[in-house]
Amino acid sequence: MTRSLLHEARPEPVGVALLEKGFRPFFLCAAAYAVVAIPLFLAGWSGRYAPSAYLPSMYWHAHEMVFGFTMAVFAGFLLTAVENWTSRRTARGAPLAGLVFLWIVGRVAMLAPAGFPDRVVALLDLAFLPALLVACARPILAAENSRNDGFVVLLAALWGSNAAVHLAALGILDADWERRGSVVAVDLVVVAMVVMTGRIVPLFTRNALRMPGVASRPRLERATLAAAAALPLLDAFGASPRVEGPIALVAGVCGLLRMAGWKSRYTLRDPLLWVLHAGCGWLATGLLLRGAGAVLAVPFESGLHALTAGAIGTLTLGMMARVALGHTGRALVAPRGVTVAFGAVSACGVIRVAAPLVSPGVLAPLIVAGVLWSFAFGTYFVLYGRLLVLPRVDGRPG
C-alpha cells in the first residue's frame with residue numbers, strides 16, 4: 001500500500017502553484033514551524049534560551065502550538081474545505097499571500113518581541129484570525145447553508161481566547177489568562193475536531209473499505225459535540241474540576257462509542273485511514289483523562305497533552321498528508337516515510353501523556369518526545385514540500 005511520491009505515473013508538472021489553494025502555503029508553514037517550535041520551547045524550559053520575553057517559556061509554548069502551529073493547519077484546511085462546501089473561492093493569489101504574511105508576522109512578533117512595544121506585539125499576533133475569519137465567512141454566509149456557520153463562530157471564539165492571552169500579558173486581565181486562554185483555545189479546537197472527524201472519518205472509511213455498516217450515529221455525534229462544546233465555556237468561567245470532570249468523561253465515552261460503528265480494526269492496511277482513527281482514539285482518550293483528573297490522581301497536563309500532542313498532532317499530520325495528495329491530483333497512497341511519521345507523532349503523544357505521571361519535571365522524556373515530534377513534521381516537510389509548491393499532476397486548477 002505504500003510507494004514513493006517520486007514514482008507517479010503522470011508527467012512531472014511544471015511551474016509554481018503555491019498560492020493556488022490555502023492548504024499549500026499553510027501546510028508548508030505549519031510543518032516548518034512544528035519542527036523548530038518544540039526545540040525552542042525545550043531550550044527555554046531548560047533555561048538555556050528564552051524564546052520570548054513577552055510570555056514565560058511555558059505559556060509561549062502553549063500559545064504558539066495553538067495559535068501558531070494549529071491555526072496554520074486550521075487555516076489551510078478551512079480555506080480549502082470551504083471552497084468545496086460552498087463552490088465559492090476563499091483566498092488565492094495575493095489575498096492568500098496576505099494571510100500567510102499576517103501569520104508569519106505574528107510568529108516573528110511572538111518569538112522576537114524585543115523590537116516592538118508589548119501592545120504592538122499583541123496587535124501583530126491578533127491580526128491573523130480576523131483576516132482568516134473574513135476569508136472563510138464570506139463564502140460560508142453567501143452559500144446560505146447554516147451547516148457550516150459554526151466555523152465562523154469558532155474562529156471568532158478562537159480570536160477571543162487569543163485576545164485574552166494578550167490582555168493578560170499586558171496586565172489588563174488577570175495573569176491566569178496567559179494560561180487559561182490557551183486552554184480554552186485547545187477546547188475550541190477539540191470541538192472543531194469532533195465536528196470534522198464525525199463528518200469525514202466514517203465517509204473516508206466507507207469509501208476505502210467498501211464494507212456495509214460503516215456509519216455515523218447522529219445521536220452519539222450530537223452527544224459528543226454537546227459535551228465537548230461545554231468545556232470551553234466551563235474553562236472560560238473557571239468552573240470547578242468537579243463540574244467539568246463528569247462532562248469531559250461523558251464527551252470521552254461518547255467519543256469512543258461513536259467509533260464503534262467505524263470499523264477501525266479493518267483500517268490497519270491503509271496508513272492514511274488508520275492515522276485518522278488513531279487521532280479519534282486520542283481525542284476520546286484525552287477527554288477521558290481530563291475527566292479522570294477530577295476524581296483520580298491524573299495530572300491535568302496528561303489529559304491536555306493527549307488532546308494536543310496526541311489528538312491534534314496525529315489528526316493534523318494525517319489530514320495534511322491526505323489533503324495534500326488528494327488536492328494535487330495524486331493517488332491516496334501514503335509514502336513509506338510519512339507512515340513512519342504517523343507512528344512517531346503518536347509515540348510523542350504517549351510520552352507526553354506518561355511523563356507527568358511517571359517523571360514529572362524531568363527533561364529527558366520531553367527531549368525524546370520533542371525529537372519524535374520534529375522528526376514527524378520534518379518528514380512531512382521533506383516528502384510533501386515539492387507537492388505543495390508544484391501544480392496538480394492532472395492539470396486541473398488548484
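Biologist: Which residue lies over the face of Phe-204, and at what distance from the ring centre?

Modeller: This is a predicted model, and in it Arg-322 lies over the face of Phe-204, at 4.0 Å from the ring centre. A second case of this kind involves Arg-199, whose charged end sits over the ring of Trp-85, 5.2 Å from the ring's centre.

Biologist: How should I read a pair of two rings, and what is the case for Tyr-33 and Trp-103?

Modeller: Two values describe a pair of aromatic rings: how far apart the centres are and the angle of the planes. The count of aromatic pairs here comes to 9. One of them joins Tyr-33 and Trp-103, with 5.6 Å centre to centre and 85° between the planes, an edge-to-face pair. Tyr-33 belongs to helix α1 and Trp-103 to helix α3 (residues 94-111), so this pair ties together parts that are 70 residues apart in sequence.

Biologist: Are Tyr-33 and Trp-103 buried or exposed?

Modeller: Both Tyr-33 and Trp-103 are buried.

Biologist: What kind of pair do Trp-85 and Phe-151 form?

Modeller: The ring centres of Trp-85 and Phe-151 are 5.4 Å apart and the planes are at 35°, so the pair is tilted. Trp-85 is in helix α2 and Phe-151 is in helix α6 (residues 149-169), so parts that are 66 residues apart in sequence are tied together. Trp-85 counts as partly exposed because its relative accessibility is 26%, while Phe-151 is buried, with a relative accessible area of 5%.

Biologist: Which rings are linked into a cluster?

Modeller: Phe-69, Trp-373 and Phe-377 are linked into a cluster by ring pairs.

Biologist: Next, charged pairs. How many salt bridges are there?

Modeller: Side chains of opposite charge can pair when their charged atoms come close. In this model the count comes to 10 salt bridges. One of them is between the side chains of Glu-64 and Arg-107, at 2.6 Å from N to O. That pair links distant parts of the chain, with Glu-64 in helix α2 and Arg-107 in helix α3, 43 residues apart. Both Glu-64 and Arg-107 are buried.

Biologist: Which helix holds Asp-125, and what does the salt bridge of Asp-125 with Arg-107 link?

Modeller: The side chains of Arg-107 and Asp-125 meet in a salt bridge of 2.6 Å, N to O. Asp-125 is in helix α4 (residues 118-126) and Arg-107 in helix α3, 18 residues apart, and the pair links distant parts of the chain. Both Arg-107 and Asp-125 are buried.

Biologist: Which residues are linked in a network of salt bridges?

Modeller: The network links Asp-187, Asp-235, Glu-244 and Arg-290. Within it, Glu-244 forms a salt bridge with Arg-290, and the closest N and O atoms are 2.6 Å apart. Glu-244 lies in helix α9 and Arg-290 in helix α10, so parts that are 46 residues apart in sequence are tied together.

Biologist: Why do Glu-244 and Arg-290 count as buried?

Modeller: The cut-off for buried is under 20% relative accessible area. Glu-244 counts as buried because its relative accessibility is 8%, and Arg-290 counts as buried because its relative accessibility is 7%.

Biologist: Where is Leu-268, and is that residue buried or exposed?

Modeller: Leu-268 is in the loop between α9 (241-259) and α10 (271-292). With a relative accessible area of 63%, Leu-268 is exposed. From Leu-268 to Val-82 the separation is 186 residues in sequence and 30 Å in space, C-alpha to C-alpha.

Biologist: What is the volume of the second largest pocket, and which helix gives the most to its lining?

Modeller: The second largest pocket has a volume of about 350 Å³. Of its 17 lining residues, Phe-77, Asn-84, Ile-200, Phe-204 and His-327 are the closest to its centre. Helix α2 gives the most to this lining, with 6 residues, and α2, α7 and α11 each supply at least two. The lining of the second largest pocket has 9 nonpolar, 5 polar and 3 charged residues.

Key:
Residues are numbered from 1 along each chain as its sequence is written. This is a predicted model: local features need pLDDT of at least 70, side-chain atom pairs count only at pLDDT 80 or more; totals for chains, interfaces and linings use all residues. Side-chain values use heavy atoms; hydrogens and water are left out. On a 1 Å grid over the protein atoms alone, a cavity is a set of points where a 1.4 Å probe fits but cannot get out, and a pocket is an open set with protein on both sides within 12 Å along at least five of seven lines; lining residues have an atom within 4 Å of a point. Grid points are joined across faces, edges and corners, and a volume is the space filled by probe spheres set on the points. Helices (H or I, at least four residues) and strands (E, at least two) are DSSP runs, numbered from the N terminus. Ala, Val, Leu, Ile, Met, Phe, Trp, Tyr, Cys and Pro count as nonpolar, Asp, Glu, Lys and Arg as charged, and the others, Gly among them, as polar. Rings of Phe, Tyr and Trp (its six-membered ring) pair if their centres lie within 6.5 Å; planes under 30 degrees apart count as stacked, over 60 as edge-to-face and the rest as tilted. Buried means under 20% relative accessible area, exposed over 50%, partly exposed in between (1.4 Å probe, protein chains only). A charge sits over a ring if NZ of Lys or CZ of Arg is within 6 Å of the ring centre and within 35 degrees of the ring normal. A salt bridge is a side-chain nitrogen of Lys or Arg within 4 Å of a carboxyl oxygen of Asp or Glu.
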